[in-house]
Amino acid sequence: MFAHNGKDPGGKEEAVVYYYNWDRKTNQFNRETIVKGSAGIGLQIRTGDLNGDGFDDLALGQGNFSDTHLFEGRILVFAGAEDELTTSAMWSRTGGERLA
């Protein structure tokens with residue numbers, strides 16, 4: 001599977017979702033990998049304080065995810081903190097049925 005049939009720059013590269021964290025000490029951005037390989041995220045990205053700790057969290061919908069069913073989809077939630085975002089999902093759920 002390729003982004004836009006592989007016609008865009010990087011369209012044949014592995015799908016990856018990154019977030020960038022500003023380092024106040026070095027005055028530069030640091031890139032962190034959240035999802036690699038089976039990203040398939042598209043526009044299903046939302047932020048908000050989902051766990052009530054006062055920091056924005058990140059929710060990603062993965063429509064092309066397949067586990068026990070073909071394209072059942074899945075949602076991943078990554079917890080925010082004062083200066084960073086977790087790179088392992090704190091919560092995930094699948095659609096549980098084909099083409100959910």
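Two strands pair if DSSP finds at least two bridges between them. In this predicted model, strand 4 (residues 57-62) and strand 5 (residues 74-78) meet that condition, pairing in the antiparallel sense over 5 bridges. A second topic is a nonpolar surface patch of about 460 Å², made by Tyr18, Tyr20, Trp22 and Phe29.

**Strand pairing**
- Glycine 61 has isoleucine 75, in strand 5, as its bridge partner.
- Strand 5 also pairs with strand 6 (residues 91-94), in the antiparallel sense and over 4 bridges.
- Valine 77 has tryptophan 91, in strand 6, as its bridge partner.

**Nonpolar surface patch**
- Strand 1 (residues 15-23) gives the most to the nonpolar patch, contributing 3 residues.
- Tryptophan 22 is located in strand 1.
- Tryptophan 22 counts as partly exposed because its relative accessibility is 39%, which falls between the limits of 20% for buried and 50% for exposed.
- Phenylalanine 29, another member of the patch, counts as exposed because its relative accessibility is 54%, and the exposed class begins over 50%.

**Aromatic and charge contacts**
- A pair of aromatic rings is described by the distance of the centres and the angle of the planes.
- Across the whole structure, the search finds 1 aromatic pair.
- That pair consists of tryptophan 22 and phenylalanine 29, with 4.8 Å centre to centre and 70° between the planes.
- The arrangement of tryptophan 22 and phenylalanine 29 is edge-to-face, because plane angles over 60 degrees are classed in this way.
- Tyrosine 18, also part of the patch, has arginine 31 over its face, at 4.0 Å from the ring centre.

How values were computed:
Residues numbered from 1 in each chain as written. Predicted model: local features only at pLDDT ≥ 70, side-chain atom pairs only at ≥ 80, totals over all residues. Heavy atoms only, no water. Patch = residues over 30% accessible without salt bridge, like charges linked within 9 Å, V, L, I, M, F, W, Y side chains within 5 Å. Areas by Shrake-Rupley, 256 points an atom, 1.4 Å probe, with all protein chains shown as cover. Salt bridge = Lys/Arg side-chain N within 4 Å of Asp/Glu carboxyl O. Helix = DSSP H or I, 4+ residues; strand = E, 2+ residues; numbered from the N terminus. Buried < 20%, exposed > 50% of the residue type's maximum accessible area, 1.4 Å probe, protein only. Phe/Tyr/Trp six-rings, centres within 6.5 Å; stacked < 30°, edge-to-face > 60°. Lys NZ or Arg CZ within 6 Å of the ring centre and 35° of its normal.
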